[in-house]
Amino acid sequence: MEGDIAELGKYIGVGLTAIGMGGAAMGVGNVAGNYLSGALRNPSAAASQTATLFIGMAFAEALGIFSFLIALLLMFAV
Amino acid sequence: MATEAAHDEGSSLVFHPMDQFMVKPLFGDGPVHWYTITNVTFWMAITVLGVLALLVLTTSKRATVPSRGQSMAELSYGFIYKMIEDVTGKDGLKYFPYVMTLFMFIVFSNMLGLLPLSFTTTSHIAVTAVLALLVFGFVTILGFVKHGTHFLGLFWVTAAPLPLRPVLAVIELISYFVRPVSHSIRLAGNMMAGHAVIKVFAGFAAIAAVSPVSVIAITAMYGLEVMVAFIQAYVFTILTCVYLKDALHPAH
């Protein structure tokens, strides 16, 4: 019976890691939105900053990926 | 095994969306040894041959008016060259061949993975982890060779007030060692998630009532996946350039 409860908690935990996806979505959206508002104010400087945009997106996304990592760990390692 | 699990649970899906990532021997049904030709090694070989075909065969004629293939090869060369120059500066250009190899390999295996019935080699963490750990090891060794112990200045932020520096050093140290993890899982996770979503929609296509919707959804997701395949290769390469910059200019 205890084993079942542990199993239940594991699956609930895996489901909860999906919340991390929302956080990553807000972060990436924030980066892209701010880039766009900056680019519309000064379009001539926009092209030189696309690399920074993608680096910023990648770093914001990395934290969402860590929630995926925790889901994987819970599913297959714990 | 995954198919059986899906059937046992009484799922409406005909196949399991994760089935496509199973490593199988290409010929026969035997066990997988390190020398077995599997679908992973087969598609990896096709990736390498594709890169060779694009970069060697098309540029061997070197026409003044480039053919379509030569033009593509030159564009990709210029794209990576400019990326390294922008991010790491002139002294990073020495490492151009490595970065170019990484980019071409990843973009080709991502794109080939989008072909129906093919296998996405970059969807496996084992593949991307090797790529990311090679970058991590290379960059760390390069930093110590170039700057010796000054490379540790990367963790000692002199711009911050003195009492704050040990705390920042711990944070910087953690973020440094987490790099290969995020670097590899970003690529594998994006590839795996996109392909699994397409397969989930493909499973719904068997139900007559929703099949038009699911076909449209597959088309839309496929378009998105083509974009993601390129962007993830780009992100992997540009992060390699950023790490290279940290190794070449560690001063904060």
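Helix α4 of chain A (residues 50-77) packs against helix α7 of chain B (residues 179-204) at an angle of about 80°, with the two axes 9 Å apart; axes here are lines fitted to C-alpha atoms, for helices over the stretch in contact, and angles run from 0 to 180 degrees between N-to-C directions. The two helices are therefore roughly perpendicular to each other, a label given to angles of 65 to 115 degrees, whereas those under 35 count as roughly parallel, those over 145 as roughly antiparallel and the rest as oblique. On the α4(A) side the contact is made by A:Ala58, A:Glu61, A:Ala62, A:Ile65, A:Phe68 and A:Leu69, and on the α7(B) side by B:Ser182, B:Ile185, B:Arg186 and B:Gly189, two residues being in contact if their C-beta atoms, placed from the backbone, lie within 7 Å. These residues divide into six nonpolar, two polar and two charged (Ala, Val, Leu, Ile, Met, Phe, Trp, Tyr, Cys and Pro count as nonpolar, Asp, Glu, Lys and Arg as charged, and the others, Gly among them, as polar).

The model is predicted, with local features requiring pLDDT of at least 70 and side-chain atom pairs pLDDT 80 or more, while totals for chains, interfaces and linings use all residues. Residues are numbered from 1 along each chain as its sequence is written, and chains are lettered from A and ligands numbered from 1 in the order in which they are written.

Chain B comprises eight helices and zero strands, where helices (H or I, at least four residues) and strands (E, at least two) are DSSP runs numbered from the N terminus. Of its 252 residues, 28% count as buried, that is, with 20 or more other C-beta atoms within 10 Å of their own C-beta, placed from the backbone (exposed if 12 or fewer, partly exposed in between).
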